[in-house]
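Here is a short briefing on pockets, ring contacts and backbone details, written for someone who likes cut-offs spelled out. Please have a look at the structure, then read on.

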Amino acid sequence: MKLFTYFRSSAAYRVRIAINLKGMDVEQASIQLRRGEHLAPAYGSLNPQRMVPALLDGPNILTQSLAIIDYLEDLRPEPPLLPPDPIDRAFVRGVALAVACDIHPINNQRVLNHLAKSCGADEGARIAWSQHWIAEGFAAIESALAKRGAGNYCFGEGPTLADICLIPQVYNAERAGTDMTAYPIIRRINHTCMELPAFAKAAPERQPDADA
Ligand SMILES: N[C@@H](CCC(=O)N[C@@H](CS)C(=O)NCC(=O)O)C(=O)O
């Protein structure tokens, strides 16, 4: 299998964490977003959405980080990324989707580029935009985690799909200069997860294409 990735892509970061948690051996190919490699025809023919990540498995190309993670879960169910109880699974998926559907997409590079081009948003306005949506999303997640009595992980005593989505978003939040003091539970979970080799090894600064 080959993962098309970019060190700073938080969606690719999710997949890297899942691969590490499952101990899978997956080759990586860097698509340099900064140089626009994702917009080139060669990559567009692999992934018409022109985003990373994408996973090539034999003749099949898979897109969308959560679909890829589901596929990895089907191939290698251990360790499971979702708890067994339906209510708990829905909670974990809810946290994951709050990041993947409601925070991350509206702060994506192409959205920020469009704000600059079509609305004349300067760098300060674009940063304020990201900070606003991250703060709103994190406040809701923090409150949901508090209600559920979250400890060192979003759910239970080990990492789940929720942590896999949350930790890369914390990386994005820090890059955007988000004030994290209002989110003590998220900060605690981030700290616990980053102590795990599967998360630490997936971190952007540890990738071979970092600052290439
Ligand atoms: N929903 C997609 C999001 C993928 C995504 O947004 N990838 C970003 C990097 S994190 C990207 O390729 N952006 C290119 C662009 O915005 O032009 C997923 O979960 O895989």
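The model is a predicted one, in which local features need pLDDT of at least 70, side-chain atom pairs count only at pLDDT 80 or more, and totals for chains, interfaces and linings use all residues. Residues are numbered from 1 along each chain as its sequence is written, and side-chain values use heavy atoms, with hydrogens and water left out.

**Rings and a charge**

- Five aromatic pairs turn up in a search of the whole structure; rings of Phe, Tyr and Trp (its six-membered ring) pair if their centres lie within 6.5 Å, and planes under 30 degrees apart count as stacked, over 60 as edge-to-face and the rest as tilted.
- One of these is Tyr6 with Phe7, an edge-to-face pair because the ring planes meet at 65°, with the centres 5.0 Å apart; both residues are buried.
- Trp129 and Trp133 are also edge-to-face, with centres 5.9 Å apart and planes at 70°.
- These two tryptophans, Trp129 and Trp133, sit four residues apart in helix α6 (residues 123–147), about one turn of the helix; helices (H or I, at least four residues) and strands (E, at least two) are DSSP runs, numbered from the N terminus.
- Trp133 is partly exposed, with a relative accessible area of 27%.
- Arg148 lies over the face of Phe91, 4.7 Å from the ring centre; the test asks for NZ of Lys or CZ of Arg within 6 Å of the ring centre and within 35 degrees of the ring normal.

**Pockets**

- A pocket is an open set of points on a 1 Å grid over the protein atoms alone, where a 1.4 Å probe fits, with protein on both sides within 12 Å along at least five of seven lines; lining residues have an atom within 4 Å of a point.
- The largest pocket holds about 1,300 Å³ of space, a volume being the space filled by probe spheres set on the points.
- Its lining has 44 residues, and the closest to the pocket centre are His104, Asn107, Asn108, Gln109 and Arg110.
- Domain 1 (2–79) and domain 2 (86–198) each give at least three residues to the lining of the largest pocket; the domain bounds come from an automatic or database domain assignment.
- The second largest pocket has a volume of about 190 Å³, and α1 supplies the largest share of its lining, three residues.
- Among the residues lining the second largest pocket are Arg16, Ile19, Asn20, Lys201 and Arg206.

**Backbone details**

- The peptide bond from Val52 to Pro53 is cis, with omega near 10°, and Pro53 is in the loop between α2 (41–46) and β3 (54–57).
- Another cis peptide bond joins Glu78 and Pro79, with omega about -10°; Pro79 belongs to the loop between α3 and α4.
- Arg50 is not a glycine, although its phi is positive at about 55°; Arg50 is in the loop between α2 and β3 and is partly exposed at 31% relative accessible area.
- Gln64, in the loop between β4 (60–63) and α3, also has a positive phi, near 75°, and counts as partly exposed at 42% relative accessibility.

Notes:
Buried < 20%, exposed > 50% of the residue type's maximum accessible area, 1.4 Å probe, protein only.
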